[in-house]
Amino acid sequence: MAYKVNHLIFQAMQNIKEYNSSDNTADILIDKLIAWKVEIIFSLVGDGVNPIFEALRKRKDEIRLITVRHEESAAFMASGYAKCTGKLGVCIGTTGPGAIHLLNGLYDAAMEGAPVLAITGTVPHDLIGTQYTQEVNTVAMLQNIAVYNEQITGPIHARTVIDLACRTALTTPGLAHITIPTDIQQKALRTDKHSMKGGHLMGSSTFNPRITVPTDEELEDTADILNNNSKIMILAGRGALKARDEVIQLADILGAPVAKALLGKALLPDDSPFTTGGTGRLGTLPSKQMMEECETLLILGSTMPYLEYYPKKAKGIQLDHDPKSIGRRYPVQIGLIGDVQATLKELLPKLKKHTDRSFLQLAQQRMSDWKETLSKLENDRSAPIKPPFLVKEVSRLIKDNAHISIDTGAHTIFTARHLQIKEDQQITVCGNLASMGPGLSYAIASQLAFPKRQCVAMVGDGSFTMLMGEMATAVRYNLPVKVIIFKNNALVLDGFEQEEIGNKRYGIILQPIDFVKIAEACGAEGFHCSDPNKLAEVLSKAFESDKPCVIEVDIDPDTPPDPAEKIKV
């Protein structure tokens with residue numbers, strides 16, 4: 001295995017800071033985060049982290065604190081921020097329930113390899129293990145998912161552990177966690193001392209990540225298979241997002257269609273002649289057909305979970321930065337460990353251009369037919385408003401560089417299938433955990449990361465309700481996010497899933513909420529639409545606003561979120 005070192009990406013401060021003897025653990029923590037170029041921290045105040053908040057207050061010109069209404073939102077914001085920027089996302093939870101509330105968003109980060117640092121408070125060090133008020137063993141709580149997970153014992157310890165936590169989160173990448181007893185947060189450096197074996201270890205914020213590529217022999221073996229086989233299908237996911245140009249070259253050389261996992265939807269624009277669109281339960285019929293008929297499957301940075309959408313029998317090649325992902329979903333003959341972009345740059349010169357374009361042409365013909373099917377669904381202007389029509393109108397009206405956050409529910413399937421992603425657009429979705437609730441938090445995080453971009457959240461009424469208090473957060477920080485609510489007063493996806501296994505719908509009805517009033521109560525703008533003929537006008541008015549907006553759209557609860565093979569026009 002070969003390595004390339006990039007000295008430009010995430011280059012952190014290399015000079016080791018000399019701390020004052022009066023600096024406490026909380027001061028060291030925040031100084032370290034600043035050295036790691038952390039710009040934003042998401043949190044909700046609590047007495048278990050008050051010393052950390054004081055350290056943040058003293059450095060408010062160097063690092064920004066975003067206070068939220070629920071710690072779950074803080075964790076989702078940190079995860080969303082990490083996903084859309086590649087930078088370290090940071091969240092803080094206070095002792096006990098505050099830390100527990102972080103869990104859902106932290107699992108999201110862990111399951112998608114998003115670089116996130118979670119900081120929790122815990123009870124004073126001499127009360128640990130006494131069942132003191134709000135005592136929770138957060139190290140044990142996060143043991144199964146954290147790539148780094150430690151309790152800090154003092155300011156000297158903090159000077160090393162914080163660097164290790166940040167570096168591990170970024171290089172693995174994944175969730176790192178540190179917890180600090182409240183009294184230790186206040187402990188001054190002058191009152192602490194090294195152990196006899198501790199020496200003068202102080203840590204460092206230097207960070208030079210390695211970009212891994214497979215050996216030349218592995219690449220030659222891969223090229224041999226690709227050069228001597230036809231009917232090649234490419235499945236690309238989130239790990240390939242930075243390799244758009246290389247994937248296009250690869251598809252052109254091999255005459256291979258590209259199916260996109262949901263996390264990789266933004267890899268290629270949906271009008272690309274090389275893509276068959278999404279795959280899996282949320283995908284297209286051409287993707288399903290081409291996956292069934294391919295003889296060689298090349299998987300790039302994806303662990304798409306829908307096993308029934310993989311080929312029944314094909315030669316498998318998989319490229320992923322994580323060795324544990326190889327063969328996770330599909331048996332492969334060759335497993336390549338490396339960065340997708342860097343590896344493809346090395347592989348492309350070894351490939352021979354395929355003159356037989358029939359497999360790609362078949363995919364293109366099927367996509368032409370499929371788009372006609374989608375067009376018929378999207379142009380149904382009948383009332384109540386059909387979800388495909390709503391997604392088409394949003395897709396048509398949002399800006400070419402918009403960032404779209406997608407929550408989890410029936411609307412996810414409609415958005416994944418009918419949103420025509422453009423070249424400069426970006427998507428954040430809770431793909432592996434598939435949790436309800438993060439859509440608004442993702443949008444807030446992306447708006448903070450990209451202040452000049454339009455940030456839109458596509459959410460269901462059930463998922464939005466879970467964390468809708470964050471509309472007040474959007475208002476407080478003047479974030480002009482646009483939240484489109486698919487309102488049908490039911491957990492529709494669950495209802496259809498109940499019917500799929502032969503049961504009757506039960507427990508899915510939601511008490512109607514006036515989301516326009518909720519938005520206005522938070523200080524945002526609210527819009528409502530139930531008329532298909534007025535939808536474009538309502539959306540346009542909301543998109544033109546420079547304030548946070550909720551757009552509540554009454555949609556047909558009986559439009560089934562079917563897999564592509566069951567769609568009938």
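Author: Strand 5 (residues 116-122) and strand 7 (residues 175-181) run parallel and are joined by seven bridges, strands being DSSP runs of E of at least two residues and helices runs of H or I of at least four, numbered from the N terminus. The model is a predicted one, in which local features need pLDDT of at least 70 and side-chain atom pairs pLDDT 80 or more, while totals for chains, interfaces and linings use all residues. Residues are numbered from 1 along each chain as its sequence is written, and side-chain values use heavy atoms, with hydrogens and water left out.

One of the positions in this pairing is Thr 122, whose bridge partner in strand 7 is Pro 181. The two strands belong to an open sheet of six strands, ordered 3-2-4-5-7-6 with parallel pairing, where two strands pair if DSSP finds at least two bridges between them. Strand 3 (64-67) and strand 6 (148-151) stand at its edges, and because each has a single partner strand, one side of each is left without a neighbour in the sheet.

Cys 91 deserves a separate word: at 0% relative accessibility it counts as buried, a label for values under 20%, with exposed over 50% and partly exposed in between (1.4 Å probe, protein chains only). A search of the whole structure finds zero disulfides, that is, no pair of cysteine sulfur atoms within 2.5 Å; for Cys 91 the nearest cysteine sulfur, that of Cys 166, is 12 Å away.

Helix 21 (residues 535-544) has as its buried residues Leu 535, Val 538, Leu 539, Ala 542 and Phe 543. They cover an arc of only 130° around the axis (taken from the directions from the axis to the C-beta atoms), which puts them on the same side of helix 21. The face turned away from that buried side carries the exposed residues Glu 537, Lys 541 and Glu 544. Among the elements that cover the buried residues of helix 21 are helix 14 (387-397), strand 18 (482-487), strand 19 (525-529) and strand 20 (549-554), contact meaning heavy atoms within 4.5 Å.
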